Amino acid sequence: MTEKGRIVKMVSQDQEEFEVEYGVATMSTLIANVLQDVSEETTTVPIPNVNAQVLAKVIEYCRYHYEAKRIDQSEEDIERWNKDFMKVDNKTLFNILIAASFLDIADLLDLGCKTVAGMIKDKSVEQIRELFCIEGDFTEEQEAKMREENNWGSEMSQENNAAQ
Amino acid sequence: MEATRDQSVVLGPDIMQEIFANLPVRSYGRMSQVCKDWNRVLKESDRIWRRRFREDFVQGARGGREKLLQNCSSAFMNSSLKIHAREAYMQQLAARTVTDPLVFELEGPSGGIWDVCPVGIDMAVTCTEKGSVQSWNVQYDQLRLMNERLIVPSGAALTDIVVDESLSYAVTCGLDSNFYLIDLLQRKVVKTCDSDLTLKMARSGNLVVTSSPGPTVRIYKGLFDRDPNVELETIPLVGHTDWVRSVCVIEKRGSGTSQLNPGYGGDLALSGADDYYVALFDLESAQLLGRMSAQPSQVHSVAASFDGGIGASGNSTGTVDLWDLKSHNQVGAMEKSSENIHALSFCPDGVTLLAGSDRGLSTWDLRNLKELKRFESEITSVRFSEAGELLFVCSGRRLLCSQLDKLDF
């Protein structure tokens with residue numbers, strides 16, 4: 001069987017099956033490596049720590065980029081698509097990041113990290129905590145000390161922001 | 001609360017590193033305050049810093065100088081880096097006793113080092129009396145000599161060296177009246193320009209401002225141009241009547257400059273000469289903005305504070321005068337023994353001034369004009385890196401380097 005017509009079945013954490021073209025699935029370095037090591041008949045790859053919703057998104061990304069490359073889509077179009085693709089709620093975004101990291105899809109990981117970086121770039125410590133649902137685990141003394149030490153830097157960044 | 005906890009997705013350190021690597025360095029201080037995990041990722045992750053600096057360097061080389069500057073200066077301001085450096089320093093302290101305020105030093109093998117020019121955030125180039133150019137780098141708390149083989153063809157003593165905006169070319173001037181354009185990556189002289197004898201240089205964008213054994217301060221255009229057919233263009237700045245000993249450029253970036261010079265848009269130059277005067281020029285219009293009298297001393301070195309508001313001049317009689325560059329009035333003077341002060345530099349903290357002379361390096365507290373500390377040795381040049389986090393001092397054949405954190409004033 002040629003690789004072109006080969007179909008890979010990806011199984012999510014919640015046992016949902018996704019049939020994906022070989023070229024699309026192997027955009028994940030992890031899957032490419034797995035498929036390399038096994039015989040051609042094997043077509044089912046379990047993705048145990050990614051749920052169906054997120055896996056569907058990841059496959060959507062891979063499929064678009066696989067096609068975009070094939071038909072030589074313009075950079076602007078790809079960029080616009082990427083931007084739209086990243087318009088998801090934070091929880092999904094973070095899960096996509098984890099999935100991209102696990103599946104080793106460098107472009108998607110990079111896109112996701114850039115998106116998150118853009119989200120938190122100008123946010124305050126409290127806003128970031130809220131966004132990530134993180135609770136500050138420093139003692140009050142530690143916090144005060146850090147604030148003092150960071151004073152200079154944050155004034156500077158305010159200046160920079162104002163300049164922009 | 002339970003609902004929000006449900007929402008929480010924990011991103012591992014690998015992903016966090018990727019995210020941080022996409023953030024401006026100036027935000028790192030804030031990020032390190034979010035929680036212990038983030039703090040740890042930032043502090044322990046050499047990968048971020050290394051990658052970051054390399055990228056910034058490449059970007060700088062491509063001409064994104066502003067970004068480079070912004071990142072560099074905030075890297076210096078950034079507390080997590082400071083904490084990092086301080087911890088490393090404490091370990092170092094535990095290992096040995098540091099008696100000098102200057103932490104690293106290394107001897108260059110070929111002749112006395114006459115000038116140093118910091119390159120980016122962790123490198124420097126130096127030129128020597130034997131006509132050689134060296135590059136150095138500071139990494140992992142160590143100063144290293146990277147390359148020392150480059151010697152200009154005539155072997156003439158090189159008095160000063162400046163690096164261009166892209167950080168890939170340097171111009172050095174020799175006592176053979178030549179300027180040499182050096183490709184720092186290929187480590188070779190790519191162009192030689194025959195010109196006037198030059199003692200000191202300062203860079204303003206693509207221009208180089210020079211002082212010479214004569215009354216003229218010159219602006220050179222095209223010194224960094226690699227094309228051999230491009231002729232050097234010279235603009236004289238008239239304002240002195242005797243040998244100009246020293247020159248420095250006050251960059252427009254500081255808010256101080258626009259205040260002191262509302263009518264002019266560009267960089268300023270400060271020069272000091274044997275005619276007892278310090279002169280302030282506008283580089284764009286090539287006009288003299290003011291003259292400040294340092295009588296009865298000849299002026300051997302000049303420097304300006306980072307914001308451009310205060311100028312300092314080091315004199316033949318060992319005094320250092322401070323000038324308000326807006327009103328052109330003297331605002332302070334510091335006196336020492338009769339030493340020739342030929343290296344001056346403001347510390348980025350804004351309140352410390354370093355003065356190098358034949359006999360040593362003095363640090364002065366500008367708030368009370370008191371001398372803080374002294375380091376005995378012959379000093380030829382004192383320079384802070386552009387971002388201000390590294391201090392380089394040339395002393396005889398040695399280059400000394402210190403991170404600002406480690407200078408104990």
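Trainee: What should I know about the model before we start?
Mentor: This is a predicted model, in which local features need pLDDT of at least 70 and side-chain atom pairs count only at pLDDT 80 or more, while totals for chains, interfaces and linings use all residues. Residues are numbered from 1 along each chain as its sequence is written, chains are lettered from A and ligands numbered from 1 in the order in which they are written, and side-chain values use heavy atoms, with hydrogens and water left out.

Trainee: How many salt bridges are there over all chains?
Mentor: The search of the whole structure finds 14, a salt bridge being a side-chain nitrogen of Lys or Arg within 4 Å of a carboxyl oxygen of Asp or Glu.

Trainee: Which residue does D110(A) pair with?
Mentor: D110(A) forms a salt bridge with K114(A), at 2.9 Å from N to O. The two are about one helical turn apart because they sit four residues apart in helix α6 (residues 106-120) of chain A; helices are DSSP runs of H or I, at least four residues, and strands are runs of E, at least two, numbered from the N terminus.

Trainee: On to chain B: where do R245(B) and D274(B) lie?
Mentor: Their side chains meet in a salt bridge of 2.9 Å, N to O. R245(B) is in strand β14 (residues 244-250), and D274(B) is in the loop between β15 (268-273) and β16 (277-282), 29 residues apart.

Trainee: Is D274(B) buried or exposed?
Mentor: D274(B) is buried, at 8% relative accessible area, where buried means under 20%, exposed over 50% and partly exposed in between (1.4 Å probe, protein chains only). R245(B) is partly exposed, at 28%.
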